[in-house]
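Here are my notebook entries from a sitting with this model.

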Amino acid sequence: MFRTRAAALSSFAAVGVLLLSACGGGDGDGDDKAAANASSAPPAASANLEFTPGTAQENKARPNTGDFAANAMPSVTESKPVVRKWIQLSADSAGELDPVVINGAGFTLYRFDKDTADPSKSNCVDDCATTWPPYLVANKGRVFLDGVDKSAIGFIPRDGGLQVTLGGWPVYLFSKDLKPGDTNGQGVGGTWFGVAPDGQKAGGGAAPEGDGDGGNGDGASADSATFFDGSRFAEPAEGITGPGCKPVRFTGSLKVTGAVKIWDGANCTGKSLVVDGDVNDLAKLGFPEVKSIRFSD
């Protein structure tokens, strides 16, 4: 769980969403007309952005705007890019990730191994950018800094706004994170990881790239899987279906169409990882033994 401060922020954000719903209004912060496009332009100058120490709440940011807006929630921004008038970058904890950067509403921010940091370039476009909405702030917008060094932050033009970078890496939300503190995107496809305050992979990013490393990262949920005792799908094997958390006890490899979350402890406890597709060798992902698996409920 992430810290009490972040929980308070997310509660404040939730109040804002309720107020917005009651009024039937919109964020008013975003340019929602632009389609997602890759950016390979040089990092944008930050001279037109206002950097403010502390959290949005401490600085009395308006409810229903910026990270607190209803259309800025990850599960909503998947439908179209949202350019926020203000954002908050907080060094905090979420799930087993500590430190990891979260936004003002308490949602985990991620980086993608197939992007580049030098130069900063996003290679997540089209369907990818629907599942992983780029984290955007408006030109002349405001950035609240809460434990993240300004020197680590950059921006690249995208969708009528600026995509945030940390350590040069473009930053995203995950559409399947449904509440503050979720880390469902950690390890997806062996290429997606929470982003640390310096731009490195939160949690160490142990998953390797390559064929059979956990899939293509499209995030579609699986409802069944087959475990194998040996690597590269060597018998014996056992199939298992969802929904929910299921007990297993296998080493070796995994065949699955879609994304599931695996644990090295019983009852979906202990170290966890989201995999999205076949895994040739679970041990190479840091899971010499899998004791439980969760399918979408």
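**Salt bridges**

I began with R111, D113 and K201, which are linked in a network of salt bridges. I counted a salt bridge when a side-chain nitrogen of Lys or Arg lies within 4 Å of a carboxyl oxygen of Asp or Glu. By this rule I get 8 salt bridges.

A note on the source: this is a predicted model, where local features need pLDDT of at least 70, side-chain atom pairs count only at pLDDT 80 or more, and totals for chains, interfaces and linings use all residues. Residues are numbered from 1 along each chain as its sequence is written, and side-chain values use heavy atoms, with hydrogens and water left out.

I looked up E289 next and found its side chain in a salt bridge with R249 at 3.1 Å, N to O. This pair links distant parts of the chain, 40 residues apart: E289 sits in the loop between β17 (269–276) and β18 (290–295), R249 in strand β14 (residues 244–250). Strands are DSSP runs of E with at least two residues, helices runs of H or I with at least four, numbered from the N terminus.

For accessibility I used relative accessible area: buried is under 20%, exposed over 50%, partly exposed in between (1.4 Å probe, protein chains only). R249 is exposed at 55%, while E289 is partly exposed at 28%.

I also checked D182, which forms a salt bridge with K179, the closest N and O atoms being 2.8 Å apart. D182 is buried, at 10%.

**Helix α3**

A129 is in helix α3 (residues 127–131). Is A129 buried or exposed? I find A129 buried, with a relative accessible area of 7%.
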